[in-house]
Amino acid sequence: MKKNLVANLMNVVFLSIFLFACSLGTSKQAISIVQQNVGTYEGKSVTEYTLTNAAGMQVGIINYGGILTKIITQAKDGSYGDVLTGYEKFDGYLQKGNPYFGALIGRYANRLAKGTYTIEGIEYKAALNNNGQSLHGGLKGFDKVLWEATVLPGDSSIQLIYLSKDGEEGYPGNLKVEVVYTLTANNAIKIQYTASTDKTTVINLTNHAYFNLSAGKSPTIYDHILQIKASKFTPVDTVLIPTGALVDVKGTPMDFTSPKKIGLDLDKVVGGYDHNWVLNKADGLQEIANVYEPNSGRYLTVATTEPGLQFYSGNFLDGTLTGTKKGIVYNKHYALTLETQHFPDSPNQHGFPSTILKPGETYHQTTVYSFSTK
Ligand code: BGC
């Protein structure tokens with residue numbers, strides 16, 4: 001009797017060890033990473049890291065601009081397609097007018113009015129690059145620099161590090177930025193940002209991926225169905241600087257509180273959607289938006305720790321970009337961005353959540369884009 005009990009116990013122990021070892025084994029094999037040299041920039045090599053999970057989802061990341069070069073996901077019919085805009089070759093990303101496809105954006109994502117802001121009584125001027133305003137970090141933002149890339153242990157994450165020098169593009173303080181991209185077994189891309197500074201500065205980081213969930217089958221996003229969990233947005237002036245007001249979306253074309261076709265009210269918004277939504281959320285990581293493309297059945301959910309979401313309907317795409325993937329013409333409204341971030345021009349808008357980072361503090365932002373079908 002006692003012998004049997006001991007034998008049974010031993011069996012349970014061996015089985016548990018075996019199952020644990022198997023689970024380690026599968027999690028190791030679950031994501032594969034292939035590295036490929038895709039070009040050079042400022043004399044240094046540019047590498048593309050392609051992560052593939054067991055479901056066959058693929059994500060491409062390059063160390064130039066921390067750009068997401070591809071996101072290949074399954075449609076409901078089982079076929080795979082790339083839902084991101086981008087170029088056939090690395091050089092495409094260097095062309096004038098590349099609208100930040102897939103890139104990491106900083107030091108200050110979105111607009112700063114006249115590039116001017118004051119911290120602790122000192123006025124700073126960020127580089128102007130958009131109608132007399134500063135957009136997405138200035139002339140050479142984080143989207144146009146080489147990041148130091150490392151494959152992290154566990155083989156499902158790529159770490160990117162960039163040191164933005166004191167004074168770069170008109171921002172104070174040496175800022176050390178780390179971004180970790182992770183592909184998960186359940187078809188999500190997690191982006192974790194951290195940063196620290198040696199002088200008080202402003203910071204607003206995001207990723208500028210453009211999605212068309214039809215993967216090239218539909219020339220616009222009019223039939224994509226979008227939900228944004230926000231009951232207010234920040235209206236803007238003619239150069240897209242917030243007026244400072246927080247306005248109810250109810251009864252306006254900005255209302256995406258229930259899922260709505262993007263094309264439904266698009267022409268009622270002057271210039272198209274290019275606004276910041278004030279997310280209904282508490283602190284922490286929460287699902288704040290989702291997009292559904294009925295033909296492919298692809299469904300994207302967005303979760304973030306950030307207070308705002310810039311939904312941009314690709315209004316300035318005009319079909320002129322060259323070397324695009326499969327030669328697709330990226331015309332107006334071909335794709336949309338869902339940029340999780342702090343509100344535009346926060347350093348000048350005292351009613352908006354603060355974007356100040358002080359020495360000794362750590363900036364954190366996490367965003368997860370999850371793909372499925374329905
Ligand atoms: C901005 C647009 C801008 C685009 C650049 C978006 O984040 O809101 O106004 O044109 O980035 O491609």
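I count a residue as near a molecule if one of its heavy atoms lies within 4 Å of it. With that rule, I listed the shell of the ligand: P99, Y100, R111, H136, H208, Y210, L240, D274, Q310, Y312, F316 and E339.

A note on sources: this is a predicted model, where local features need pLDDT of at least 70 and side-chain atom pairs count only at pLDDT 80 or more, while totals for chains, interfaces and linings use all residues. Residues are numbered from 1 along each chain as its sequence is written, and side-chain values use heavy atoms, with hydrogens and water left out.

Next I sorted the shell by class (Ala, Val, Leu, Ile, Met, Phe, Trp, Tyr, Cys and Pro as nonpolar; Asp, Glu, Lys and Arg as charged; the others, Gly among them, as polar). I got six nonpolar, three polar and three charged residues around the ligand.

Which domains give residues to the shell? Both domain 1 (31–209 + 364–373) and domain 2 (219–348) do, so the ligand lies between them. The bounds come from an automatic or database domain assignment.

Then I checked polar contacts (here, pairs of N or O atoms within 3.5 Å). A polar side-chain atom of D274 is 2.4 Å from a ligand oxygen. For H136, a side-chain N or O atom lies 2.9 Å from an oxygen of the ligand. P99 uses a backbone N or O atom, at 3.3 Å from a ligand oxygen. The protein covers 95% of the 310 Å² of accessible area that the ligand has on its own (Shrake-Rupley method, 1.4 Å probe).

The ligand sits in the largest pocket, meaning more than half of its atoms lie within 2 Å of the grid points.

That pocket has a volume of about 770 Å³, taken as the space filled by probe spheres set on the points, which are joined across faces, edges and corners. Its lining has 33 residues, with G97, N98, P99, Y100 and L135 nearest the centre.

Methods: A polar contact is a pair of N or O atoms within 3.5 Å; within protein, one must be able to donate a hydrogen and the other to accept it, and residues adjacent in sequence count only if both atoms are side-chain atoms. On a 1 Å grid over the protein atoms alone, a cavity is a set of points where a 1.4 Å probe fits but cannot get out, and a pocket is an open set with protein on both sides within 12 Å along at least five of seven lines; lining residues have an atom within 4 Å of a point.
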